[in-house]
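Here is a short note to read beside the model. Keep the viewer open and follow each point in turn.

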Amino acid sequence: MNIALIAHDRKKDDLIQFATAYKPILSKHNLFATGTTGQRVIDETGLAVHRFQSGPLGGDQQIGAMIAQNNMDMIIFFRDPLTAQPHEPDVTALIRLCDVYQIPLATNMGTAEVLLKGLEKGLVDWRLLNERRK
Ligand SMILES: O=C(CO)COP(=O)(O)O
């Protein structure tokens with residue numbers, strides 16, 4: 001599975017904590033991330049991550065493009081609901097594409113735990129059966 005990890009600045013510590021706790025599951029998958037998030041995950045968890053541009057510089061859009069090309073299976077995006085983002089339209093567009101393409105999306109740690117535990121139990125396998133998938 002291709003999984004994207006994204007966190008706004010005030011949520012990055014939470015994402016690192018989460019990725020550390022779920023490293024045994026995450027390490028079985030192909031991980032992608034926006035630039036700054038990805039670098040922290042690499043440095044602080046040792047997980048292998050493909051980094052895109054930083055979010056404000058187009059990283060959210062690059063991950064959105066992967067969704068549109070049917071190359072992304074799950075998004076874990078710890079948004080900061082209390083801070084305005086300069087690239088809010090990109091954030092909205094990414095979340096919208098998750099809904100367009102039925103991509104599982106967690107925007108907080110509680111849901112992210114359920115998604116990864118479900119992934120481990122094989123509950124997200126329908127993505128693999130999608131005949132449009134390359
Ligand atoms: O802004 C982001 C998502 O909208 C995250 O980008 P960074 O991981 O580069 O900080």
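Does T34 count as buried or exposed? T34 counts as buried, because 27 C-beta neighbours lie inside 10 Å. The cut-offs are these: a residue is buried if 20 or more other C-beta atoms lie within 10 Å of its own, exposed if 12 or fewer, and partly exposed in between, with C-beta atoms placed from the backbone.

1. Ground rules. This is a predicted model: local features need pLDDT of at least 70, side-chain atom pairs count only at pLDDT 80 or more, and totals for chains, interfaces and linings use all residues. Residues are numbered from 1 along each chain as its sequence is written.

2. The setting of T34. T34 sits in the loop between strand 2 and helix 3. Helices (H or I, at least four residues) and strands (E, at least two) are DSSP runs, numbered from the N terminus. Not counting residues up to four places away in sequence, T34 touches I6, F52, S54, G55, G59 and D60. Contact here means that two C-beta atoms, placed from the backbone, lie within 7 Å.

3. The annotated residues. UniProt, in an unreviewed entry, lists D60 for "active site". For "binding site", the unreviewed entry lists H8, K12, T34, G35, T36, T37, S54, G55 and H87. UniProt positions are given in the numbering used here, feature names are shortened, and annotations may be inferred rather than shown by experiment.

4. D60 and H87. D60 lies in helix 4 (residues 59-68). D60 is buried, because 28 other C-beta atoms lie within 10 Å. Leaving aside neighbours within four places in sequence, D60 is in contact with T34, G55, H87, D90, V91 and L94. H87 is in the loop between strand 4 and helix 5. H87 counts as partly exposed, because it has 17 C-beta neighbours inside 10 Å.

5. Around the ligand. The shell consists of I6, H8, T34, G35, T36, T37, S54, G55, P56, G59, D60 and V91. Helix 3 gives the largest share, three residues. By type, the shell has three nonpolar, eight polar and one charged. Ala, Val, Leu, Ile, Met, Phe, Trp, Tyr, Cys and Pro count as nonpolar, Asp, Glu, Lys and Arg as charged, and the others, Gly among them, as polar.

6. Helix 4. Its buried residues are G59, D60, I63, G64 and I67. Seen down the axis of helix 4, they fall within an arc of 145 degrees, so they line one face of the helix. The arc is that of the directions from the helix axis to the C-beta atoms. The cover over these residues includes strand 1, strand 2, helix 3 and helix 5. Just after helix 4, N70 takes a positive phi of about 60 degrees.

7. The core. A nonpolar core is a set of buried Ala, Val, Leu, Ile, Met, Phe, Trp, Tyr and Cys residues joined through C-beta atoms within 7 Å. The largest one has 30 residues, and A4, L5, A33 and I76 touch the most other members. Elements giving two or more residues to this core include strand 1 (2-7), strand 2 (30-33) and helix 5 (88-100). Leaving aside neighbours within four places in sequence, A4 is in contact with F32, A33, I63, M72, I75 and I76.

Key:
A residue is near a molecule or strand if its C-beta atom, placed from the backbone, lies within 6 Å of it.
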